[in-house]
Amino acid sequence: MAAFVISTRGVGTLHIPFESRGHHPVLGGEAAVLKVRNKELLRSAKQGMVCRAAGDLQSVVQAKDRAVTFRPCIDIHKGKVKQIVGSTLIDAEEISFDIASEEKNSDGGASLVTNFVSEQSAAYFAQLYKSHGLKGGHVIALSKDEASEEEARKALNEYPGGLQFGGGVNPENAQKYLDYGASHVIVTSYVFNQGEFALENLRKLVSVVGKEKLVLDLSCRKKDGQYFVVTDRWQRFSSCPVNKDTLEDLGKYADEFLVHGVDVEGKRLGVDEELVTLLGEYSPIPVTYAGGVSTMDDLDTIIEAGGGKVDVTVGSGLDIFGGPIRFYDVVSWHHKNLGKRNVN
């Protein structure tokens, strides 16, 4: 007998074709465990349900007990809160984003693609997230300058313990951001030095801040059929694949993973379901996925593809950052997952 987890997007009736009698009602958003006689993966677009094979009953219990949450973001570039297509973060002339065609600069090279520039400060967004009880979001400094540093400091001061910080973190400065109010520090480039994984660097950082204060950014792109961590503003492929072994090994040193699907990040192309599935199946610690969310259905896709184990960040898809999704709809979705009331 194989165990399966069934989840539904809406209220529906689950028809079980394995010598069962009658129909089994399943409420929207709930999970159920079904023992069946084979290992076929069942999908029903009409019912809006997904049946996912579970490795064992323990993993089923974990999926049922853990609510998928929304992790907000504050990306800061040259002292302004912005939404940028991260893979274009190079020293280039800044342009506006044209979703139909990416523009080039005069020498034919790619330019910095900016989706949105906010008139509000980073502290404003920190207060907004705090007022709605949204914890575990991240503040990312995308440029190294005094204005961005000051904006990050003010945001972390505004919501102490509620936000993580990333952007040039190393053992020398990590404690400073924790003192500003960050719950965790996020690190990539220091650990993946010149594209090579540096275990000693990781151990040194853990010795300074502790495993419980560290988030490893494993943002990745696909090459030759598998995902690899990318560093240096997502321009350099590392030699580190994102797979079961890597996640299990690195999970010993961090409290959480943050993973941007770089191939779709900032482009509103939909989520990278294959990557979300990989994270849901193999991450031994909490993991947040970011990249490509442009509809509310994308959020449900992450619940299904990740087996209820992968949290989500939405950036340029939100109306507060110029996107089509109402921020308050996502907040309501978040609190519904936690069993709380909707937000108007």
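The dialogue below goes through some terms applied to this predicted model.

Student: Why is the pair of Tyr129 and Phe327 called tilted?

Tutor: Their ring centres lie 6.2 Å apart, and rings pair if the centres lie within 6.5 Å. The planes stand at 40°; under 30 degrees would count as stacked and over 60 as edge-to-face, so the pair is tilted.

Student: What makes Phe192 and Phe197 an aromatic pair?

Tutor: The centre-to-centre distance is 5.6 Å, and the limit is 6.5 Å. With 45° between the planes, this pair is tilted.

Student: Is Phe192 buried or exposed, and how do you know that?

Tutor: Its relative accessibility is 1%. Buried means under 20%, so Phe192 counts as buried.

Student: What is Phe197 called at a relative accessible area of 32%?

Tutor: Buried needs under 20% and exposed over 50%; 32% falls in between, so Phe197 is partly exposed.

Student: Which residues have the most contacts inside the largest nonpolar core?

Tutor: Ile74 and Tyr129, in a core of 71 residues. Helix H2 (residues 122-131) gives the most to this core, with five residues. Beyond its neighbours within four places in sequence, Tyr129 is in contact with residues including Ile74, Leu134, Tyr159, Leu163 and Phe327. Tyr129 also belongs to an aromatic cluster, along with Phe70, Phe116, Tyr124, Phe125, Phe321, Phe327 and Tyr328.

Student: Why are strands E17 and E19 said to stand at the edges?

Tutor: The sheet is open, with its three strands in the order E17-E18-E19 and antiparallel pairing. E17 (220-223) and E19 (236-241) each have a single partner strand, so one side of each is left without a neighbour in the sheet. From one strand to the next the twist averages 50°.

Student: How do you know that E17 and E18 pair?

Tutor: Four bridges join E17 to E18 (residues 226-231), and at least two are needed, so the strands pair. Within E18, Gln226 is the bridge partner of Lys223.

Notes. Residues are numbered from 1 along each chain as its sequence is written. This is a predicted model: local features need pLDDT of at least 70, side-chain atom pairs count only at pLDDT 80 or more; totals for chains, interfaces and linings use all residues. Side-chain values use heavy atoms; hydrogens and water are left out. Axes are lines fitted to C-alpha atoms, for helices over the stretch in contact, and angles run from 0 to 180 degrees between N-to-C directions. A nonpolar core is a set of buried Ala, Val, Leu, Ile, Met, Phe, Trp, Tyr and Cys residues joined through side-chain atoms within 4.5 Å. Buried means under 20% relative accessible area, exposed over 50%, partly exposed in between (1.4 Å probe, protein chains only). Contact means heavy atoms within 4.5 Å. Rings of Phe, Tyr and Trp (its six-membered ring) pair if their centres lie within 6.5 Å; planes under 30 degrees apart count as stacked, over 60 as edge-to-face and the rest as tilted.
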